[in-house]
Amino acid sequence: MNEKYYFNVKRKRPEEIYTKVSDYFRGEILNQYAASKSMMRIQENIAIRALELLELQKKDALILDAGCGPGFAAMFLREIGYRTVALDIISEFLNYYDIKDLNPIITDMCFPPFKSNIFDAIISISALQWIYRDIHDNYMLYLLKNLFKSFFQILKPNSRVIVQFYPKNQEIMEKIGKIIADNTDFKGNFIIDNPKSQKKRKIYLLLNKEE
Ligand SMILES: C[S@@+](CC[C@H](N)C(=O)[O-])C[C@H]1O[C@@H](n2cnc3c(N)ncnc32)[C@H](O)[C@@H]1O
């Protein structure tokens, strides 16, 4: 990370207010999110950038979208030809799919129910901040470790994970980097687009499972 950037987020994000993601995404909020065309555009643009960073070699790569929500990224990936598996912990979100086509899975991404070495890539957009946001919380630590150990296991060798998320501060990012380094064999780094603009800044964690 060469460029200087500052966290000075004034408005509280929902994950700071709600303990469980399902307490926030329900009823009207869930419907509004899922129906929002601007949200669809934003999440698709993040997916496009995520694909750039993944540098996939195969056009028919099998990609896991972890924390897919209403499927903005997953549907986009499928439309452009990737084989896509989508999962989310909130079943109501998965009603927005054409369920037969995408066959999404209701599960906690920290415990993904897949065999080892099957995905060519894993994408996760705007979900990680719900899993790990308090460096003093031991249960969150356990979930985070399990998440990345599982991602390492289900990913094929020589493949990548890309996670876009909204960390509250730099301390959390550094802690996440250290936990991954201490608990998995992933090699990786953070990529920060528009680091100086609070509004446009996007933070990605790119992890490589080497051969
Ligand atoms: C802001 S939404 C983003 C959804 C989607 N990735 C998109 O681009 O629109 C965050 C999503 O992460 C999901 N999520 C949070 N924690 C999760 C977990 N432990 N397992 C699976 N999904 C989770 C939520 O249910 C929600 O759908």
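**Helix pairs and sheet**

Modeller: Helix H4 (residues 37–54) packs against H5 at an angle of about 60 degrees, and their axes are 8 Å apart. This is a predicted model, where local features need pLDDT of at least 70 and side-chain atom pairs count only at pLDDT 80 or more, while totals for chains, interfaces and linings use all residues. Residues are numbered from 1 along each chain as its sequence is written, and side-chain values use heavy atoms, with hydrogens and water left out.

Colleague: What does the angle make H4 relative to H5?

Modeller: The axes are lines fitted to C-alpha atoms, for helices over the stretch in contact, and angles run from 0 to 180 degrees between N-to-C directions. Under 35 degrees counts as roughly parallel, over 145 as roughly antiparallel, 65 to 115 as roughly perpendicular and the rest as oblique. The angle here is about 60 degrees, so H4 is oblique to H5.

Colleague: Which residues of H5 meet H4?

Modeller: Contact means heavy atoms within 4.5 Å. From H4 come Met39, Met40, Gln43, Glu44, Ala47, Ile48 and Leu51. The contact divides into 9 nonpolar, 1 polar and 1 charged residues (nonpolar: Ala, Val, Leu, Ile, Met, Phe, Trp, Tyr, Cys and Pro; charged: Asp, Glu, Lys and Arg; polar: the others, Gly among them). The H5 side is Phe72, Ala73, Phe76 and Leu77.

Colleague: Which residues of H5 are buried?

Modeller: Buried means under 20% relative accessible area, exposed over 50%, partly exposed in between, with a 1.4 Å probe and protein chains only. Phe72, Ala73, Phe76 and Leu77 meet H4. The buried residues of H5 are Phe72, Ala73, Ala74, Phe76 and Leu77.

Colleague: Is glycine 81 buried, partly exposed or exposed?

Modeller: Glycine 81 is in the loop between helix H5 (72–79) and E2. Its phi is positive, near 110 degrees. Glycine 81 touches Lys59 and Asp60, not counting residues up to four places away in sequence. At 40% relative accessibility, glycine 81 is partly exposed.

Colleague: In what order do the strands of the sheet run?

Modeller: Strands (E, at least two residues) and helices (H or I, at least four) are DSSP runs, numbered from the N terminus. Two strands pair if DSSP finds at least two bridges between them. The sheet is open, its pairing is mixed, and its 7 strands run E3-E2-E1-E4-E5-E7-E6.

Colleague: Which strands stand at the edges?

Modeller: Each edge strand has a single partner, so one side of each is left without a neighbour in the sheet. Strand E2 (residues 83–88) pairs with E3 in the parallel sense over 2 bridges. The edge strands are E3 (105–106) and E6 (187–193).

Colleague: How many residues of E1 are buried?

Modeller: Leu62, Leu64 and Ala66 point one way from E1, Ile63 and Asp65 the other way. E1 also runs parallel to E2, joined by 5 bridges. E1 is largely enclosed by the rest of the structure, because the buried count is 5 of the 5.

Colleague: What angle do H8 and H9 make with each other?

Modeller: Helix H8 (residues 138–154) packs on the sheet, touching strands E1, E4, E5 and E7. Helix H9 (residues 170–183) lies across E5, E6 and E7. H8 and H9 have axes 10 Å apart, and their packing angle is about 55 degrees.
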